[in-house]
Amino acid sequence: MAAQLTIAELAERTGISVRTIRFYAGMSLIPPPVVRGRLGLYDERHAARLELVRELQELGFTLAAIEGYLARIPLDRSPEDLALHRALLAPWLPEEPEIVDRAELVDRAGRILDNEALARLTALGVLRRDGPHTWLLTSPDMLDYGLSLLDTEMDFEVQLAAKQIIERHTSALATELVALFHDTVLREYRERGRPPELRAQLLALLQRLKPVTVDGVVTNFQLAINHAIRESAENTVHSPDLTGSSS
């Protein structure tokens, strides 16, 4: 049995307050402590589940969604099994959001950002107003993406619609890919009794999964957009408006 911790030690270990740990325990997000006399003792399983809760929060899960996710993971799962769940999430966790003021934003952007540019970046979801003179920057990558959109000089409604189309389709793509992974690779792991050697292989696979998936999405999108442009061009050439033929 790993070293046991008091609730104060668990709070120090995980960076989650004693009050919050008790709240999570009341929701059954973590197992109850082992009681010795009047003292509740916690171990690595508790720490691992709390770390998983924190990472789910960083991914934007609501508390209800976290409760539903953890309800499918039995309370007696080992820290090693919980590490696999965290590994499924960790490669995809976004960079930590930052609170920045206007000067920091200008420095990051490498350009002057007027009020209209800031309003548009906020509408695109790149920034969220945090105070009278500060914003929450969701991630540096999103800032680059938002600035690139603004540089296209398209009508802003078109820029916003383009972002929404991309988000809608990438969300559907992500959902299907995750379902495929769970129904194949993870199912084999579960059906074989979660052997440690297969767990190690899964952890190694997950480290490679993000760059391979991103490369696949970018490459196939480039091929698809080229195909769509060719089809559009051919349809334009044969359009009645250009050929003069009647409809």
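Visitor: At the start of H3, which backbone nitrogen does a side-chain oxygen of Asp-43 reach?

Guide: This is a predicted model, with residues numbered from 1 along each chain as its sequence is written. Local features need pLDDT of at least 70, side-chain atom pairs count only at pLDDT 80 or more, totals for chains, interfaces and linings use all residues, and side-chain values use heavy atoms, leaving out hydrogens and water. Helices (H or I, at least four residues) and strands (E, at least two) are DSSP runs, numbered from the N terminus. At the start of H3, the Asp-43 oxygen comes within 2.9 Å of the backbone nitrogen of Arg-45.

Visitor: What span does H3 reach from its first C-alpha to its last?

Guide: H3 covers residues 44-58, which is 15 residues. The expected span is 1.5 Å times one less than the number of residues. That gives an expected 21 Å for H3, and the model is close to it, at 21 Å.

Visitor: Is Thr-14 buried or exposed?

Guide: Thr-14 lies in helix H1. Contact means heavy atoms within 4.5 Å. Leaving aside neighbours within four places in sequence, Thr-14 is in contact with Ile-21, Ala-47, Leu-50 and Arg-54. Its relative accessibility is 4%, so Thr-14 counts as buried.

Visitor: Why are the buried residues of H8 on the same side?

Guide: The buried residues of H8 are Leu-143, Gly-146, Leu-147, Leu-149 and Leu-150. They sit on the same side of H8 because they cover an arc of only 155 degrees around the axis. The arc is that of the directions from the helix axis to the C-beta atoms. An α-helix has 3.6 residues a turn, so residues three or four places apart point the same way.

Visitor: Which residue with a positive phi follows H8?

Guide: H8 runs over residues 140-151. Its buried residues pack against helix H6, helix H7, strand E5 and helix H9. The phi after H8 is near 60 degrees, and the residue is Glu-153.

Conventions
Polar contact = N/O pair within 3.5 Å; in protein donor to acceptor, adjacent residues only side chain to side chain. Buried < 20%, exposed > 50% of the residue type's maximum accessible area, 1.4 Å probe, protein only.
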